[in-house]
Amino acid sequence: MATHPRTDPLTLDVIQLIGGVVARYHEEYDRAAATHALTGAQARVLGLLSLEPMPMRKVARKLKCEPSNITGIVDRLELRGLVERRPDPADRRVKLAAPTEEGVRTARQLRDALDFAREPLAELSEAERTVLRDLLRRMLGEDEAEGWTGAEG
């Protein structure tokens, strides 16, 4: 009797390992965020916006959560002076969420604090990291242009 492809031991092992990586990543992100009196979700939104200002709808899509969640997170980051809303130069009707100078500084400090994400990856060669990235993108059905932050609302 053939094993169902989704329940074979190798697949189950891979699923468990991916879950372990994600859990450790979130724990470390939450710990780093707490040192800045932020939630993990706020820190992940700030980190994403520090790469490029974007409309909240796009933030929600990238972080795989509801736009209303992002609006609340951006509101709280704005009150802290870490994010601001500004008109999109390409379409003045659209508002972009963008980090302030303090927000960019905080996002950099958060990234520097994430040892778990960085150190194990440093053990892999550039070729291995490239293969891993491409496999993860394929698993998520994402093209080369779309990145994944591993964040949610």
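A residue is called buried when its relative accessible area is under 20%, exposed when it is over 50%, and partly exposed in between (1.4 Å probe, protein chains only). At 51% relative accessibility, Lys64 therefore counts as exposed. The model examined here is predicted, so local features need pLDDT of at least 70 and side-chain atom pairs count only at pLDDT 80 or more, while totals for chains, interfaces and linings use all residues. Residues are numbered from 1 along each chain as its sequence is written, and side-chain values use heavy atoms, with hydrogens and water left out.

Lys64 sits in the loop between H3 and H4 and has a positive phi near 55°, although it is a residue other than glycine. Helices (H or I, at least four residues) and strands (E, at least two) are DSSP runs, numbered from the N terminus. Ala37, in the loop between H1 and H2, likewise is not a glycine and has a positive phi of about 55°. Its relative accessibility is 56%, so Ala37 counts as exposed. Most residues other than glycine have a negative phi.

Beyond its neighbours within four places in sequence, Val45 is in contact (heavy atoms within 4.5 Å) with Val59, Leu63, Ile70, Ile73, Val74 and Leu77.

Helix H1 has 26 residues and reaches 37 Å from its first C-alpha to its last, close to the expected 38 Å, a span defined as 1.5 Å times one less than the number of residues. Among the residues of H1, Tyr25, His26, Glu28, Tyr29, Ala32 and Ala33 are buried.

The strands form an open sheet of three in the order E1-E3-E2, with antiparallel pairing; two strands pair if DSSP finds at least two bridges between them. E1 (54-55) and E2 (83-88) are at the edges with a single partner strand each, so one side of each is left without a neighbour in the sheet. Six bridges join E2 to E3 (residues 91-99), and a hairpin connects E2 to E3 through two residues. Across this pair, Arg85 stands opposite Ala97, and Glu84 has Ala98 as its bridge partner.
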